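Subject: Structure handover

Dear colleague,

I am passing on the structure below, together with some notes on what I found in it. Please look it over before reading further.

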Amino acid sequence: FAQAFSSVTINVVPCSISATATTADVSCSGGSDGSIDLTLSGNYGNPTYVWTGPNGFSDNTEDISGLEAGSYTVVASGDFGLGCSTTETFAIGEPNPISVNYNATPILCNGGLSQESITIIGGTAPYDVYNQNNQPLALGLAEGVEKIGQTFATNYVYTVTDANGCTYVFNANIPEPLALTC
């Protein structure tokens, strides 16, 4: 009785996986428009994703968006059943909140002018500052640079808008003395 034998060679391709990402920070302080675009490389088949992040964030897609500032961790696993996975953490940043230092000198005579100054920090420079009548106080102002101007007595509502479209609104009440009568 004759037996036939044949030889079969099985090449096992080891699972390997690594991850990189392109991140986009939040555009305004306290916002939630950050994103992470994940890219995997290696030999991993059809991967699965488990994301975790701030305030109980979780997701199972490759790319994530609508993110607030913080650290996000992904575990990307291959499907070859070999325990192949990678764990990576990515940071989403945000600009500091817009902050304004505004001063106005007192008006000494009815009908006089006040000297006003504004300095802005935080957000993303340059900044534009308009009053409620859409009149500019400062256009293209750099961070930490003081802008000085003159204004009449009134109650202004100023809106600071930074390069990302983030806004900060503040009031400036500039009083004047009553007119003298004889």
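The notes below start with the whole chain and then turn to two local features.

This is a predicted model, in which local features need pLDDT of at least 70 and side-chain atom pairs count only at pLDDT 80 or more, while totals for chains, interfaces and linings use all residues. Residues are numbered from 1 along each chain as its sequence is written, and side-chain values use heavy atoms, with hydrogens and water left out.

The protein has zero helices and 14 strands, where helices (H or I, at least four residues) and strands (E, at least two) are DSSP runs numbered from the N terminus. Its C-alpha atoms fill a box of roughly 135 × 25 × 20 Å along the principal axes. Of the 182 residues, 28% are buried, meaning under 20% relative accessible area with a 1.4 Å probe and protein chains only.

Thr86 lies in strand S7, which spans residues 85–92, and it counts as buried because its relative accessibility is 10%. Beyond its neighbours within four places in sequence, Thr86 is in contact (heavy atoms within 4.5 Å) with residues including Ile17, Ser18 and Val74.

Strands S10 (residues 127–130) and S11 (residues 136–141) run antiparallel and are joined by three bridges, where pairing requires at least two bridges found by DSSP. Tyr130 has Pro136 in S11 as its bridge partner, and in this hairpin, with five residues between the strands, Asn134 takes a positive phi near 65°.

With kind regards

How values were computed. Buried < 20%, exposed > 50% of the residue type's maximum accessible area, 1.4 Å probe, protein only.
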